[in-house]
Amino acid sequence: VDDSSATRLIYNQVGYIAHGPKLALVAEDVDEFVLLDADGQEVFRASAAAPQYWEASGDTVRKVDFTEWEQAGNYTVQLPGFSKTYDLVIESRPYHELSKAAIKSYYLNRTSMPIEAAYAGEWARAAGHPDTVVYIHASAADDQRPEGTVISSPLGWYDAGDYNKYVVNSGISTYTMLRALKDYPLYYAGLDLNIPESGSGIPDLLSETLFNLRWVLSMQDPNDGGVYHKLTTKQFEGFVMPDGAVNDRYVVAKSTAATLNYAALASAAYRVLSGYEEQLPGLSDSCLTRAEIAWDWAMKHPEEIYEQPEDIATGAYGDDHLEDEWFWAATELYLATGSDRYLKVIKEKYQKPQVPSWNQVRLLGVYSLMDFYDELTADLINLSIKEDFLKLADDLVAISERSPYGISIQEFAWGSSSQVANEGMIKLFAHQLTGEASYLESALSDLDYILGRNATGFCLVTGFGNQRVMNIHHRPSGADGVADPVPGFLVGGPNLAVLTDCGPDVERSPYPAKSYVDLECSYSTNEIAINWNAPLVYLAGGIDA
Ligand code: 9MR
């Protein structure tokens with residue numbers, strides 16, 4: 001028996017669904033996989049499939065399919081010939097806590113209010129960043145609001161491990177949360193997150209989402225409809241708690257990208273919130289009015305590409321390809337108003353969708369169009385939007401079926417975990433459109449990757465798994481004196497974008513799917529972000545639902 005401590009099994013560390021597909025991966029030198037029950041009795045044995053090499057990780061792995069074993073329980077996995085064993089869970093509903101924690105992380109990352117122990121346990125903390133005194137930066141100044149004018153722009157979530165708030169990145173994040181609510185309404189109606197708004201008569205997921213939406217709405221200049229790109233300090237703050245991070249805050253440069261994200265999000269919110277007129281009187285209408293004046297500003301300023309001012313060093317979220325933002329905003333405004341002026345732009349700007357990210361939002365408009373597919377006009381149907389969407393989903397499923405790791409991602413960029421989550425979301429959405437099981441199975445496989453069946457061996461969500469991420473690049477987690485990081489966050493994950501973020505002494509794998517370190521300094525692999533967590537919310541919630 002080989003006594004080395006090397007890991008030879010990678011698998012979903014949170015659990016497998018009893019009546020679902022079950023796939024794990026073993027190292028090349030492992031031939032068999034044995035499940036022992038809680039009494040140490042062998043209950044199931046499977047042979048490993050033929051070895052497969054993956055260029056992205058530099059690994060050769062063998063698949064073990066134990067789908068057939070459907071008995072819920074806590075198991076130990078033994079790999080004959082090797083002494084190291086592994087704990088594995090099979091449950092009827094293994095992702096319920098994950099689904100809640102993924103949303104709760106947004107509560108724990110709120111600005112402007114104390115995070116109380118009754119909701120946050122050991123992660124309770126004082127309020128940070130009231131943002132009731134925010135200065136107009138030189139880049140955003142005009143006659144009505146000259147440089148140094150004070151405005152108030154409170155609420156919202158911290159974007160990520162830093163303490164700033166960025167409109168562009170809030171667009172996709174907030175929309176994805178509203179999308180989850182729209183697609184699984186009964187599930188979220190009953191999901192209690194134990195947040196201050198719980199029991200208020202609207203779903204907790206919506207309350208949490210509104211906390212950010214209300215901030216986004218405040219980023220519009222009411223004088224002209226333009227939207228500031230971000231609300232930020234000049235430099236990133238240090239690793240101190242929010243209430244100790246007190247440098248002056250500014251709104252910086254109105255941009256076309258931020259204004260179109262705003263128009264899209266506010267009109268999408270208009271549709272969702274019109275169902276809550278009684279609980280939230282007037283909010284939905286004001287979203288639509290604001291979206292329309294944002295659109296008008298963008299029409300007058302179609303090329304205000306964000307350029308980082310010299311004295312500002314925080315995240316840029318700069319994007320100079322705005323075709324997809326125009327498409328998304330036009331789509332949401334068209335669905336809200338039925339006006340031909342938006343229809344025209346949809347037709348001009350439509351292209352086949354891609355996996356979304358903060359700077360590629362076309363698919364968000366496609367998701368929304370699918371809500372009304374049967375009512376769309378013939379010229380929209382002729383764009384083949386549904387066919388193109390299902391082709392994207394089919395291509396992703398085909399790749400995952402060939403992939404040694406059972407996933408669709410092939411190129412690992414900054415935030416690679418969120419790409420996997422967004423691919424899972426696409427598949428779940430396709431599953432709802434068609435009822436085809438292969439989409440759901442492939443989405444589950446993406447979740448397996450996130451929860452441990454990946455080349456890093458870590459469960460990539462804080463607070464979950466056997467091999468846990470501990471040292472995220474997240475200021476409160478670094479400064480709060482609590483050993484465990486704030487839970488429920490998806491880490492950015494492996495990529496080769498910045499190999500030097502921890503200095504020359506920290507070794508990083510040259511393989512993109514493996515190049516990850518669980519160190520606070522690794523902002524490029526171990527940060528968290530609202531746009532990364534949102535598709536995890538959708539994926540975990542959709543599967544749990
Ligand atoms: O997610 C963003 C990634 O796509 C970019 O490559 C990277 C560098 O510009 O920035 C990431 O976003 C960061 C943002 O700029 C500031 N807050 C933290 C975000 C996550 O790292």
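Buried means under 20% relative accessible area, exposed means over 50%, and partly exposed lies in between, using a 1.4 Å probe and protein chains only.

The model you are looking at is predicted, so to speak of local features a pLDDT of at least 70 is needed, side-chain atom pairs count only at pLDDT 80 or more, and totals for chains, interfaces and linings use all residues. Residues are numbered from 1 along each chain as its sequence is written, and side-chain values use heavy atoms, with hydrogens and water left out.

Most residues other than glycine have a negative phi. N194 has a positive one, near 50°. H129 also has a positive phi, near 45°, and sits in the loop between α2 (117-120) and β10 (134-136). H129 counts as buried, at 5% relative accessibility.

Contact here means heavy atoms within 4.5 Å. The table leaves out residues up to four places away in sequence.

| Residue | Relative accessible area | Contacts |
|---|---|---|
| N495 | 0% | F412, A413, W414, G415, R508, P512, S515, S524 and T525 |
| L273 | 2% | L206, L210, L213, L280, L283, S284 and C287 |
| P94 | 10% | V14, G15, Y16 and I17 |

N495 belongs to the loop between α15 (475-479) and α16 (523-526).

L273 is part of helix α6 (residues 256-273). Between the C-alpha atoms of L273 and S284 there are 5.1 Å, with 11 residues separating the two in sequence. P94 lies in the loop between β9 (85-91) and α1 (96-108). Its C-alpha atom is 24 Å from that of A529, a residue 435 places away along the chain.

**One face of helix α9**

Which residues of α9 (residues 340-349) are buried? They are Y342, L343, V345, I346 and K349. Viewed down the axis of α9, these buried residues fall within an arc of 165°, so they line one face of the helix; the arc is that of the directions from the helix axis to the C-beta atoms. The cover over them includes α7 (283-300), α8 (323-337), α10 (362-371) and α11 (378-381). On the other side of α9, D340, K344 and E348 are exposed.

**Helices α3 and α17**

The axes of α3 (residues 167-183) and α17 (residues 530-544) come within 8 Å and cross at roughly 10°. Axes are lines fitted to C-alpha atoms, for helices over the stretch in contact, and angles run from 0 to 180 degrees between N-to-C directions. The crossing makes α3 roughly parallel to α17, a term for angles under 35 degrees. On the α3 side, the contact is made by residues including N169, I172, M177 and R179; among those from α17 are I530, A534 and Y538. The residues of this contact divide into eight nonpolar, five polar and two charged, where Ala, Val, Leu, Ile, Met, Phe, Trp, Tyr, Cys and Pro count as nonpolar, Asp, Glu, Lys and Arg as charged, and the others, Gly among them, as polar.

Terms used. Helix = DSSP H or I, 4+ residues; strand = E, 2+ residues; numbered from the N terminus. Parallel < 35°, antiparallel > 145°, perpendicular 65-115°, else oblique.
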